Amino acid sequence: MSLGSVIASASAMLFAAGASSLILDHRERWGDGTIVIFRRVPLPVRRKPAVPTRAPDRVEVVPTARLWASQSTVTEHGVDAYLRGVPGPLPVVFAESDGTYTIVDGHHRIVAALLRGAQAIRARVVTVPVGA
């Protein structure tokens, strides 16, 4: 069995299991009584840089291997909704000077894409000014 087929098989199993295949972080009971399950984001995490909110953006294809999360968890139901095909706007990422990207908005959408085996995602990219 080739490495590619092993990866494809693992991706298929993760996709079939949905967000529940991610590591459990914690559960919360929200004010309406709903129990919400939080799962760990399968990406490295770092702090979001301070960037002007009106910074110009462009649409690019971003390799998932270069993504960093700015939050450590996502809700299971949020990821599962995107796995079922709920539409959403393009995620927003900051392009860092080291060639990596920090997710600003769209963690659930990107985690769903990772579970589907995506090697790249389309995103709105904002360039982080040097020193930000």
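**Close-up 1. Residues of helices α2 and α3 that meet in the predicted model**. From α2, the residues G78, V79, Y82 and L83 come into contact with H108, R109, V111, A112 and L115 of α3. Sorted by class, this contact of α2 with α3 comprises 6 nonpolar, 2 polar and 1 charged residues.

**Close-up 2. Packing geometry of α2 against α3**. Helix α2, which spans residues 76-83, packs with α3 at an angle of about 60°, and the axes of the two helices lie 8 Å apart. Because of this angle, α2 is oblique to α3, and the crossing that the two helices make is right-handed.

**Close-up 3. The second largest pocket and the residues that line it**. The second largest pocket holds about 190 Å³ of space. Its lining is made up of 15 residues, of which P89, P91, R109, A113 and R116 are the closest to the centre of the pocket. Two elements, α3 (107-115) and β8 (120-127), each give two or more residues to this lining. By class, the lining of the second largest pocket divides into 10 nonpolar, 2 polar and 3 charged residues.

Technical notes. Residues numbered from 1 in each chain as written. Predicted model: local features only at pLDDT ≥ 70, side-chain atom pairs only at ≥ 80, totals over all residues. Heavy atoms only, no water. 1 Å grid on protein atoms, 1.4 Å probe; cavity = no way out; pocket = protein on both sides within 12 Å on 5 of 7 lines; lining within 4 Å. Points joined across faces, edges and corners; volume = space filled by probe spheres on them. Helix = DSSP H or I, 4+ residues; strand = E, 2+ residues; numbered from the N terminus. Nonpolar A, V, L, I, M, F, W, Y, C, P; charged D, E, K, R; others polar. Axes fitted to C-alpha atoms, helices over the stretch in contact; angles between N-to-C directions. Parallel < 35°, antiparallel > 145°, perpendicular 65-115°, else oblique. Left-handed = near helix turned anticlockwise from the far one by under 90°. Contact = heavy atoms within 4.5 Å.
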